[in-house]
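Here is a set of questions about one structure. Each answer sets a value against its definition.

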Amino acid sequence: MTAHAVVISGGGPTGLMLAGELALAGVDVAIVERRVSQELAGSRAGGLHSRTIEVLDQRGIADQFVAQGQKHPVVHFHVPLDISDFPTRHNYVLGLFQNRIERILAEWVGELPVTIHRGREVTGFAQDDTGVDVALSDGQSLRAQYLVGCDGGRSLIRKAAGIEFPGWDPTTSWLIAEAAMAEEPKWGFHHDALGTHAIGKGDGGSARIVLTEQQLRLDSEPALHEVSEALIAIYGTDYGIHSPTWISRFTDMTRQAAVYRDRRVLLAGDAAHVHPPVGGQGLNIGVQDAVNLGWKLARVIKRTSAESLLDTYHAERHPVAARVLRNTMAQVALRRPDDRSKALGGTVAELLGMHEPRRRIAAEMSGLGIHYDLGKGHPLLGRRVPDLDLATANGPLRVFALLHDARPVLLNLGVPGGIDITPWADRVQLIDAKYDGTWELPAIGVVTAPTAVLIRPDGYVAWVGDLTQLGLAEALSTWFGSPAGA
Ligand SMILES: Cc1cc2nc3c(=O)[nH]c(=O)nc-3n(C[C@H](O)[C@H](O)[C@H](O)COP(=O)(O)OP(=O)(O)OC[C@H]3O[C@@H](n4cnc5c(N)ncnc54)[C@H](O)[C@@H]3O)c2cc1C
């Protein structure tokens, strides 16, 4: 039986990102992916939010995505919300279809030591105290220390682990299709008594059609004639729709795994949370789940951190997805076409026209507002480190460049050589630097400049120094294990 430290079931965006993170940390990782190639039926997700682009930037791979996408200065929560004033290099939504996102991620993973078993499915597993036996559809099996289910909303791993998936049943369904149209359609949004419909440009010049259905339907493989009939009912014509490349249906089903971990089995991405695609958040939070989990799992496998570090994955990421579930439910409610919902929508739009509500909700939608509860203290604690331009003895340096290898950093902005972390020197980079500008956080504003920050591999601040080193040793031990020799 072939053994790997980690087996990932599912090589979608979440599984690919996790594999990349583990490989960067030097962990032997394999993906089992049902699809024979990275090609997707349909373009699915339409873009990347600021925080996701930032985490890709932290690994030095954002440019590949940015070069292929289109920048839009707004996020959507019921109405467009401008984010061009947010203090980040990536103050925009990057329009880029999922098939391209996956292709670029797969290229990155392809350059790293990751084994990919394509055209095979995980069919079950059995875990014991030391590992997991993973059964594959070709009759083979793999042995892993940990198995991660990145296998999408219908996750076999989640079901086989017996992890509950509580939430809300669907109330509405939408038809989605990508096809050619003989006539020029009415591009953009269209509102009627059924709700909101849209026809936009799909990948490769086709039309991407999303139609709210009259009645909730659950079968996931609708036919072209259903799309044609729905178009006629809504627009009075089907615009001569033909040659579909993708027809599907999605609903507003909203559910979240009760726990993200059962001993040696973990869940990430859609396997852990499903919700309607309003606001375009699912892929984004999946990729960020992977970036939160990767370094933690690597440390536990390498025995440089205790297994309890994995508990922080659920503690940090479950609340983030719970917020996303909540905001998507709110957006679906605000889209209802009845007069009272419309009145509520008008009030919400007015509120979001004000500065503070706009920047709060926009920070949530873009992922820039994420705050992990790491205790009380400086506003930076538990928040993303800004990508500041530093001056170092070796020349100018961006903070994110320090994270390319996914290693933690202690950034000393005080007296050079004033901090000693010798017992952790094998695990944590110590960088002396100067930064004279302001520290500004999205939705918070300018905060007091720290004299040092401990930055985790995922770019979140684990400790903030304010002239003293109070609590530094504790933070280093919590996140990066006991000091050498202890
Ligand atoms: C119409 C639509 C529009 C969307 N728009 C957006 C958007 O704009 N922005 C956004 O962020 N999100 C959007 N989403 C959501 C986004 O597509 C998902 O959140 C994202 O694909 C989740 O990634 P994942 O890797 O977790 O799961 P998936 O993409 O579902 O990948 C799971 C992978 O696991 C494989 N797999 C499944 N079972 C097994 C098994 N047993 N063994 C081996 N392999 C297996 C599958 O083949 C697949 O490759 C949209 C979704 C839809 C349907």
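Q: What does contact mean here?
A: Contact means heavy atoms within 4.5 Å. Leaving aside neighbours within four places in sequence, Asn-412 is in contact with residues including Gly-417, Leu-430, Asp-432 and Thr-451.

Q: What kind of model is this, and what are its ground rules?
A: This is a predicted model, in which local features need pLDDT of at least 70, side-chain atom pairs count only at pLDDT 80 or more, and totals for chains, interfaces and linings use all residues. Residues are numbered from 1 along each chain as its sequence is written, and side-chain values use heavy atoms, with hydrogens and water left out.

Q: Why is Asn-412 called buried?
A: Buried means under 20% relative accessible area, exposed means over 50%, and partly exposed lies in between (1.4 Å probe, protein chains only). Asn-412 has 3% relative accessibility, so it counts as buried. Asn-412 lies in strand β24 (residues 409-412). Strands are DSSP runs of E with at least two residues, helices are runs of H or I with at least four, and both are numbered from the N terminus.

Q: Is Glu-102 buried or exposed?
A: Glu-102 is buried, because its relative accessibility is 1%. It sits in helix α4 (residues 98-110). Its side chain makes a polar contact with the side chain of Arg-35, at 2.9 Å. Beyond residues up to four places away in sequence, Glu-102 touches Gly-11, Pro-13 and Gln-38, among others.

Q: Why is α1 described as largely enclosed?
A: Eleven of its twelve residues are buried, so the rest of the structure largely encloses α1. Among the buried ones are Pro-13, Met-17, Glu-21 and Ala-23.

Q: What about the span of α9?
A: The 14 residues of α9 (residues 339-352) should span 20 Å, and the end C-alpha atoms are 20 Å apart, which agrees.

Q: Which residues of α9 are buried, and what covers them?
A: The buried residues are Ser-341, Gly-345, Val-348 and Leu-352. They cover an arc of only 65° around the axis, so they lie on the same side of α9. That arc is taken from the directions between the helix axis and the C-beta atoms. Their cover includes β5, β6, α8 and α10. The face turned away carries the exposed residues Asp-339, Arg-340 and Glu-350.

Q: What makes β12 and β18 a pair?
A: Two strands pair if DSSP finds at least two bridges between them. β12 and β18 (residues 254-256) have two bridges, in the antiparallel sense. Gly-167 stands opposite Arg-255 in β18.

Q: Why are β12 and β21 called edge strands?
A: The open sheet has the order β12-β18-β21. β12 (167-168) and β21 (273-274) each have a single partner strand, so one side of each is left without a neighbour in the sheet.

Q: What joins β22 to β23?
A: Four bridges join β22 (residues 389-392) to β23 (residues 395-398), and the strands run antiparallel. They form a hairpin with two residues between them. Asp-389 stands opposite Arg-398.

Q: What is the phi of Arg-263, and is this residue buried or exposed?
A: Arg-263 has a positive phi of about 55° although it is not a glycine. Most residues other than glycine have a negative phi. Arg-263 has a relative accessible area of 53%, so it is exposed. It lies in the loop between β19 and β20.

Note on methods
The expected span of a helix is 1.5 Å times one less than its number of residues. A polar contact is a pair of N or O atoms within 3.5 Å; within protein, one must be able to donate a hydrogen and the other to accept it, and residues adjacent in sequence count only if both atoms are side-chain atoms.
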